[in-house]
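Please keep the sequence and the model in view while reading.

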Amino acid sequence: MRSVLSTPSLARLSRRAILMSLPGTALLAQDEPQDQWDNVARTVAVGDVHGDCDAFVKTLQMAGLLDTHADWSGGRAHLVQLGDVPGRGPQTRQVFDLLMKLEKQAAAAGGRAHALIGNHDAMPMYGDMRNLTPEEYAEFATPDSENLREQAWQEELASRPSSAGGTPTAADLEAYRQRWLQEHPPGFIELRRAFAPDGAYGSWIRLHNTVLRINETLFVHGGISPAVLPLSISKINRTIRAELLHPSKFEGLIPQLDGPLWYRGLAEDDERKLSPHVNAVLRTFRVRRIVIAHTVTRSAILPRFGSRVVNIDIGLGRFYGRPPACLVIDGQGTRVLHAGKSIPLPGTEPGQRLQYLRAVAEADPEPAVIQKLINDLQATAR
């Protein structure tokens, strides 16, 4: 398996500066979350959120899971959020706080709120700060942020090796300082601490699942590749949780391009060639469909392989600008809610996929985005 990065893309900051003042080093052992569920009457799945709590709330309200106060109103339903809470939006902390609240409220009502681990959830735990916005850092800033930055800067200076070219000039040092401050805005250190293995959000993330089966549907952020297929659901989940406990190692299943957090084959590869593998996944995990996110469609929830695979990452929120959409599985069947309209997921009969896309276009505030898919599908069918 190939790794997404040979080493973590760490912004320059000493480990001591990141971890100082963290509450101890012992991590509390907790019960493993259940990762297989049967007899669930209603399941709602939402793809990548990417720091847009407003869009997430709107989607959950559309599905009847939240009331006007953003409290759980879904009763015994199960919500599955397929990961990628951080990155590209200004409300990452708000989304995490909402999910933490909904976990408790849903369980008290007899339902569940499942927050799966995506690659962007793991990235800040590894120090990979790509795609994080200034607004996300600002969410973690405090009145003490400047003092923390100054302490971290002094740690950085002390950790620098002696220059072979002699002592740097004051101008060189000041230029370096300004670059360093730009790379470490107010809130940076607090965010890194919060996503440490025993930080407020890191400790929460690492106790969750990567793969989840509910009834006859398998949910996973990226997908199940041929390399991962031999692993059981529990094995995958335990492995990811164990790796998140020691993120400084940056090895194992998490950084692999064909691992469950990064794999894109189910969303991008040729359906005819990959169909035998999809069938093998369905047989192995005893499910009828696989629901994925990670690979943004920028259009609609897209069924593939005759709806045996469903990509629900439409690009929710302000970064991509797509409307609220989610997948609903209940007594009425399997359907998509797109901008408030309920649309049955297509089957394998000729013309059903085209009919589905036309229905989505009718509901979409920007139908031209969907019309391109319709045109491409019609051209292929000629």
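Lysine 341 counts as partly exposed, at 29% relative accessibility. The model in which this residue is seen is a predicted one. The side chain of lysine 341 meets that of glutamate 362 in a salt bridge, with 3.2 Å from N to O. Because lysine 341 lies in strand β12 (residues 341-344) and glutamate 362 in helix α13 (residues 352-363), the pair ties together parts that are 21 residues apart in sequence. Glutamate 362, at 65% relative accessibility, counts as exposed.

The structure holds 17 salt bridges. Another of them joins the side chains of arginine 177 and glutamate 150, at 3.3 Å from N to O. This pair links distant parts of the chain, since arginine 177 belongs to helix α7 (residues 170-183) and glutamate 150 to helix α6 (residues 145-159), 27 residues apart. Arginine 177 is partly exposed, at 22% relative accessibility, and glutamate 150 is partly exposed as well, with a relative accessible area of 32%.

A further salt bridge is formed by the side chains of aspartate 128 and arginine 130, with 2.7 Å from N to O. Here aspartate 128 is buried, with a relative accessible area of 3%, whereas arginine 130 is partly exposed, with 35%.

Attention now turns to one helix. Helix α10 (residues 233-244) has 12 residues and reaches 17 Å from its first C-alpha to its last, close to the 16 Å expected at 1.5 Å a residue. Which residues of α10 are buried? They are Ile233, Ile236, Asn237, Ile240, Arg241, Glu243 and Leu244. Seen down the axis of α10, the buried residues fall within an arc of 165 degrees, so they line one face of the helix.

Finally, the cysteines may be considered. How many disulfides does the structure hold? It holds zero. A disulfide is a covalent bond between the sulfur atoms of two cysteines. The cysteine sulfur closest to that of cysteine 53 is in cysteine 326, 16 Å away, which is too far for a bond. Cysteine 53 is buried, with a relative accessible area of 8%, and cysteine 326 is buried too, with 0%.

How values were computed. Residues are numbered from 1 along each chain as its sequence is written. This is a predicted model: local features need pLDDT of at least 70, side-chain atom pairs count only at pLDDT 80 or more; totals for chains, interfaces and linings use all residues. Side-chain values use heavy atoms; hydrogens and water are left out. Helices (H or I, at least four residues) and strands (E, at least two) are DSSP runs, numbered from the N terminus. The expected span of a helix is 1.5 Å times one less than its number of residues. Buried means under 20% relative accessible area, exposed over 50%, partly exposed in between (1.4 Å probe, protein chains only). The arc is that of the directions from the helix axis to the C-beta atoms. A disulfide is a pair of cysteine sulfur atoms within 2.5 Å. A salt bridge is a side-chain nitrogen of Lys or Arg within 4 Å of a carboxyl oxygen of Asp or Glu.
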